[in-house]
Structures are given as C-alpha cells and as structure tokens.
Amino acid sequence: MKFFIDTANLAQIKEAHEFGVLDGVTTNPSLMHKEGIKGHENILQHYKTICELVDGDISAEVVSTTFDEIIKEGKELAALHPNIVVKVPMIKDGVKAIKWFTDNGIRTNCTLIFSAGQAILAAKAGAAYVSPFIGRIDDSGWDGTELIGQLSHIFNVQGYHTQILAASIRSPLHIIKCAELGAHVVTSPLEPILGLLKHPLTDLGLAKFLADAKG
Ligand SMILES: O=P(O)(O)OC[C@H]1O[C@](O)(CO)[C@@H](O)[C@@H]1O
C-alpha cells in the first residue's frame, strides 16, 4: 500500500518525505485555503513547488463543475508537471470529463466517493484513482472502512485498473484497516502516519535496553 500525505503544508510534506515513506501528495481547495494559498497563479505555483519536493503522484483538484470548464482547468493543471493527477468531483460532468481525460492521456483521481456505485462509474470512465472518504462516512454514523473492503472486492472481481485511494483518514487505525482491506493507497495527514510508530511497550523496552547498556 502506498502512502500519500494529505496536506498543502510544505513543512509537513518535507517531514514525511524525509521520513522515507512518502509516495505522493493529495491536496484539495480546503487544504490550500488552510495554508493561505489564494489566487489562481499562487495555487498553480504551489502545485509546482510540491512536484519539485516529491517524486510521486500529486493530486491537483479542479474547482469547475461543468464539462468544458473541467477540461480547460484540468488541462492547465496537467501541463504543470508529468506527476500531476487531475482531481475531479463525482458528478455527471465529472465522470464525462474523466472519460475525456483518460482518452487523452491525462490521469485522474475521482474525489468525493461515498458509495460503491460512484466508484464503479469512475472506474468505468478510466479514473487512475477513486477517493472514498472514510472519515466523513464514519462521521455520518456508518463504518467508512466497510466501503474500502467492498471496493477492494469489486475492483478485484471486475479486474478494474483503477486504484483505491482511501481518503479522509483520521487515525492510525484507519490506515491499518485500509491496508488490511486492500486499499492501494492511503492519503493521510502527517499525524496518523506518525501515530503508526507508537507503542508503549516499544518505549518501555527501549528504555530498559538503554539502561542495561549503561551497565
Ligand atoms: O474529511 P477530510 O479530513 O476533510 O478529508 C477530505 C479528503 O478529501 C480529499 O480531497 C480527497 O483526496 C483529501 O484531500 C482528503 O483526504
């Protein structure tokens, strides 16, 4: 399972990259806004900077909702760097646009996936990734990881090439469950990734080894 970091914060992207486990980056308009990146040119420049930091797939999200506008915006994003994956929302024009991008050699990540039906449509259109939002499903009172298991089964049975990119990750347990259930990629903020390091018995064991080593 690949690890993407889900942020537009350059310091956190660098930290995850230097940690050695990073395979790519996802962002969205809310994450850009959080970092104070505003205005079309600044946003494009920020994507370029991220592409220079990490040699892996970088999802850049369109903010258009009609077919022609999505195509225009997606082409501009894709032209920034070969590693850019155009993130397109799960709406009717979005699915149409994913098919167009696929036919024209531009890779896409279909975002805002909350059901198996939506993921099947995106896969049929040729999306490189689908992004099921497991934390937001949990917030609504369902178990988001169940969708990962269901998609994993369907994509396997159907032989889809689309990768399951588990998004809206809130905890280390989400990452572990996604690995168990067959997600191809997990995109997470830095904290749940670093949370995977922790176990109290590791800390106790290390303290004892270090104490014994001193004699
Ligand atoms: O529910 P959250 O934590 O806002 O996450 C939303 C998700 O949407 C995405 O845009 C999907 O790629 C990610 O950036 C993020 O994981």
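Reader: At what angle do helix H4 and helix H5 pack, and how far apart are their axes?

Author: Two points first. This is a predicted model, in which local features need pLDDT of at least 70, side-chain atom pairs count only at pLDDT 80 or more, and totals for chains, interfaces and linings use all residues. Residues are numbered from 1 along each chain as its sequence is written. Helices (H or I, at least four residues) and strands (E, at least two) are DSSP runs, numbered from the N terminus. Axes are lines fitted to C-alpha atoms, for helices over the stretch in contact, and angles run from 0 to 180 degrees between N-to-C directions. Here H4 (residues 67–78) and H5 (residues 92–103) pack at about 45 degrees, and their axes are 9 Å apart.

Reader: Which word describes the orientation of H4 and H5 to each other, and why?

Author: Angles under 35 degrees count as roughly parallel, over 145 as roughly antiparallel, 65 to 115 as roughly perpendicular and the rest as oblique. H4 and H5 are therefore oblique to each other.

Reader: What is the handedness of the crossing of H4 and H5?

Author: A crossing is left-handed if the near helix is turned anticlockwise from the far one by less than a right angle, and right-handed if clockwise. H4 and H5 cross in the right-handed sense.

Reader: Which residues make the contact between H4 and H5?

Author: Two residues are in contact if their C-beta atoms, placed from the backbone, lie within 7 Å. On H4 the contact residues are Phe67, Ile70, Ile71 and Gly74, and on H5 they are Asp93, Gly94, Lys96, Ala97, Trp100 and Phe101. For classes, Ala, Val, Leu, Ile, Met, Phe, Trp, Tyr, Cys and Pro count as nonpolar, Asp, Glu, Lys and Arg as charged, and the others, Gly among them, as polar. The contact of H4 with H5 then has six nonpolar, two polar and two charged residues.

Reader: How do H5 and H6 pack, in angle and axis distance?

Author: The axes of H5 and H6 are 8 Å apart, at an angle of about 30 degrees. That makes H5 roughly parallel to H6. Val95, Ile98, Lys99 and Thr102 of H5 meet Leu121, Ala122 and Ala125 of H6. By class, this contact of H5 with H6 has five nonpolar, one polar and one charged residues.

Reader: At what angle do the axes of H6 and H8 cross?

Author: The axes of H6 (residues 116–125) and H8 cross at roughly 40 degrees and come within 10 Å. H6 and H8 are therefore oblique to each other. H6 passes H8 in a right-handed crossing. H6 contributes Ala116, Ala119, Ile120 and Ala123 to the contact, and H8 contributes Leu147, Gln150, Leu151, Ile154 and Phe155. The contact of H6 with H8 divides into eight nonpolar, one polar and no charged residues.

Reader: Val157 is in helix H8. Is Val157 buried or exposed?

Author: A residue is buried if 20 or more other C-beta atoms lie within 10 Å of its own, exposed if 12 or fewer, and partly exposed in between; C-beta atoms are placed from the backbone. Val157 has 8 other C-beta atoms within 10 Å, so Val157 is exposed. Its C-alpha atom lies 17 Å from that of Ala125, 32 residues away along the chain.

Reader: What are the phi values of Leu112 and Ser168?

Author: Phi of Leu112 is near 65 degrees, positive in a residue other than glycine. Leu112 is in strand E5 (residues 108–113) and counts as buried, with 20 C-beta neighbours inside 10 Å. Phi of Ser168 is near 60 degrees, again a positive value in a residue other than glycine. Ser168 lies in the loop between strand E7 (163–166) and helix H9 (172–181), and Ser168 is buried, with 21 other C-beta atoms within 10 Å.

Reader: Where is Glu41 found?

Author: Glu41 is in helix H3 (residues 40–53). Glu41 is exposed, with 7 other C-beta atoms within 10 Å.

Reader: How many helices and strands does the protein have, and what percentage of its residues are buried?

Author: The secondary structure comes to eleven helices and eight strands. Buried residues make up 37% of the 215 residues.
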